[in-house]
Amino acid sequence: MSIDVKNLENDNKIKKEETKELGFGVRHVQALLMFFCLTVAYSMRVTMSMAIVAMTDKNGPPDKVMVFDWTKQVQDLILSSFFWGYVCMQLPGGQIAHRYGAKYLLVIALAINGAVAIAIPWSAKIAGWKAVCACRVLQGLAQGSLLPALHTLQGKWAPLNERGRISTYVYGGSQFGTVLTMPLSGLLAASSYGWPSIFYTVGLANIICAAIWWRLGAESPAVHNTITIQERMYIQESLGQTSAKKVSKVPWTSILTCVPVWAMAVAHMGSSWVHVTLFTEIPSYLNKIMGIDMKSNGLLSALPFLGCWIFGFVFSYISDYLINKDVFTLTAARKIANTTAMWGAAFSLVILTFIPVGAVTSAVITLIVTVSLKSAILVGFHVNHIDLSPNFAGTMMSLSNTASNTCAVIAPITAGLILKDQYDPAQWTTVFYVSVAMALLSNLFYIIFGSAKKMPWDDTENVTDSDQERGT
């Protein structure tokens with residue numbers, strides 16, 4: 001009997017080793033689809049940051065398309081308006097993804113996003129900046145379900161020992177979309193077609209991506225038509241899901257009283273403030289303080305996000321390696337990564353404030369370091385939702401993203417209130433120091449209260465009666 005048991009144990013070890021060595025598969029194709037989803041979605045966010053410089057450039061050639069006389073406060077209101085709609089759809093989007101599935105939610109979001117983008121130039125010419133704000137609010141509503149849906153999908157497709165890398169592949173789409181769109185927007189704005197061509201190009205890309213998702217996307221390994229049995233079992237056993245489960249009720253009481261969930265939300269808020277400030281203000285900073293023209297602006301504004309995209313892969317491989325080799329616990333690895341991102345970026349922003357006007361090379365290098373370091377959040381708080389609860393990752397992302405996007409709404413408006421004179425370096429220093437404070441304080445809260453331990457309420461059989469009563 002003992003010999004049989006040993007043989008059985010050896011067989012199980014062999015199977016586990018074979019499972020660990022699974023190479024490229026359907027899960028990677030799904031991650032690639034999610035990557036492209038974020039690429040086109042973030043391209044849409046970037047377009048306005050670049051286009052608004054061209055839309056208000058009074059020094060542009062006279063034969064160009066219409067130029068608008070919008071104040072800096074109006075411009076930042078337009079940049080902020082996307083997040084008005086975005087923040088409103090976080091909780092509904094998370095619940096729709098959880099109850100009815102994420103695939104078709106993404107398809108609808110991308111299609112609406114693209115159609116509205118194509119309508120923006122016409123809206124601006126006919127009805128002015130208020131119509132542009134309305135379009136951006138609608139785009140925000142469409143994209144509001146994006147991250148909860150993607151977190152829901154990753155909770156079903158990303159095996160535990162590949163989670164950091166797959167999450168980085170997927171969310172690398174946001175940096176790639178930024179890198180691709182900033183120089184492209186600069187070129188299109190400087191072309192004979194002018195700034196409207198920016199919205200037409202990116203709008204069409206969103207619609208094409210929606211069609212691809214409709215055809216090739218899948219809700220989970222359990223319902224994919226061509227996945228091998230070996231890969232399906234590899235994913236499901238890694239996540240403790242051996243079959244397609246029915247939709248479970250959300251344990252709201254447990255989630256809302258979980259301190260690590262609030263730690264993620266605070267970290268998310270600080271990260272969003274820094275990201276949105278850089279995301280929306282870098283083109284204006286390089287144009288007004290460093291004196292860079294529109295065509296060069298797009299390329300130089302993209303370089304920091306190129307660094308972010310590349311270093312995201314570096315951080316993810318290092319993080320997964322250290323976790324899999326038991327060098328750090330999962331919780332320690334998440335906190336170290338988050339600290340590298342937030343405090344490293346804060347330190348770089350302080351350096352940026354000492355760079356003199358016109359020192360373009362120094363400013364761009366410092367911005368590259370700042371944004372590249374910030375990519376470590378992808379294996380910090382950003383993947384932490386899935387650590388705590390793969391089953392309710394989308395719901396938790398919708399909660400933390402709702403909190404964080406209050407900062408995304410406020411950050412550009414705050415910058416607009418501070419920047420009474422866009423050519424005053426001292427006012428830009430104030431904008432950057434506000435971001436430094438947000439980065440330092442939010443990460444300190446995460447260090448103290450964050451965790452990556454899987455929560456007992458992820459097992460839906462163990463949720464409390466009060467959770468069941470409050471579940472959706």
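Author: Let's start with aspartate 387 and arginine 334, which form a salt bridge with their closest N and O atoms 2.6 Å apart. By salt bridge I mean a side-chain nitrogen of Lys or Arg within 4 Å of a carboxyl oxygen of Asp or Glu. Aspartate 387 sits in helix 16 (residues 381-388) and arginine 334 in helix 14 (residues 330-352), so this pair ties together parts that are 53 residues apart in sequence. Helices here are DSSP runs (H or I, at least four residues), numbered from the N terminus. Aspartate 387 counts as buried because its relative accessibility is 3%, and arginine 334 is buried as well, at 3%. The cut-offs: buried means under 20% relative accessible area, exposed over 50%, and partly exposed in between, using a 1.4 Å probe and protein chains only.

Before going on, bear in mind that this is a predicted model: local features need pLDDT of at least 70, side-chain atom pairs count only at pLDDT 80 or more, and totals for chains, interfaces and linings use all residues. Residues are numbered from 1 along each chain as its sequence is written, and side-chain values use heavy atoms, with hydrogens and water left out.

The structure holds 8 salt bridges. Another of them joins lysine 156 to glutamate 219, where the closest N and O atoms are 3.2 Å apart. This pair also links distant parts of the chain, 63 residues apart: lysine 156 belongs to helix 7 (residues 146-157), while glutamate 219 is in the loop between helix 9 (196-216) and helix 10 (229-238). How covered are lysine 156 and glutamate 219, buried or partly exposed? Lysine 156 is partly exposed, because its relative accessible area is 25%. Glutamate 219 has a relative accessible area of 17%, so that one is buried.

Then there's lysine 454 with aspartate 458, whose side chains meet in a salt bridge at 3.4 Å, N to O. Lysine 454 is partly exposed, with a relative accessible area of 48%, whereas aspartate 458 is buried at 3%.

Definitions and conventions:
Helix = DSSP H or I, 4+ residues; strand = E, 2+ residues; numbered from the N terminus.
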